[in-house]
Amino acid sequence: MASILAKLPPPPLFANGRHLLLSTLQKVTAPGIGGRQGRFAFVAKATSDTSDESSTSLVKSVQSVWEKSEDRIAVIGLGFSAIVGLWAIVNFVSAIDKLPLIPTALELVGILFSSWFVYRNLLFKPDREEFFRSANKSLSDILGGR
């Protein structure tokens, strides 16, 4: 792995984080299994970098919510509670996943429910049309009559 990393081509050069000044296409050889050498090709392409705009808008929206809030202690408590709840859920799911039979049983329940859903709503044309009508009605109710 170290020999592959040592032979990687240099990164492409960028100007202002948006435009590509130099693009390289180099082949790198790496030892393979049984003494054969493999070849890797790397191509770098520039994309527009909009992370600055989205991060500043996120910071501004958080600042505006913080400034508008009258009870900042409650906001801090809710944030802390959300972090603790997320941590507890992650640990709970990982504990359940370590039990020997429960993940297999839950996978079986998921397969059975998916099969029932396809049979009930998607397999036959009249059922499928009714399902799409109800889904479109729900979507229009949620989005406000689009």
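## Overall layout

Helices (H or I, at least four residues) and strands (E, at least two) are DSSP runs, numbered from the N terminus. On that basis the protein chain has 5 helices and 4 strands, and reading along the sequence gives the pattern α-β-β-β-β-α-α-α-α.

A quick note on the source: this is a predicted model, where local features need pLDDT of at least 70 and side-chain atom pairs count only at pLDDT 80 or more, while totals for chains, interfaces and linings use all residues. Residues are numbered from 1 along each chain as its sequence is written, and side-chain values use heavy atoms, with hydrogens and water left out.

## Surface and contacts

Of the 146 residues in the protein chain, 5% are buried (under 20% relative accessible area; exposed is over 50%, partly exposed in between, with a 1.4 Å probe and protein chains only). The chain's accessible surface is about 12,700 Å², with 66% of that belonging to carbon and sulfur atoms (Shrake-Rupley method, 1.4 Å probe; for residues, only the protein chains shown count as cover).

Now for contacts, meaning heavy atoms within 4.5 Å. Among those in the protein chain with a separation of 6 or more, 23% link residues 24 or more positions apart.

Helix H4 covers residues 102-122 and includes Asn121. Asn121 counts as buried because its relative accessibility is 12%. Setting aside neighbours within four places in sequence, Asn121 touches Asp127, Arg128 and Phe131.

Tyr119 also sits in helix H4, but this residue counts as exposed because its relative accessibility is 52%.
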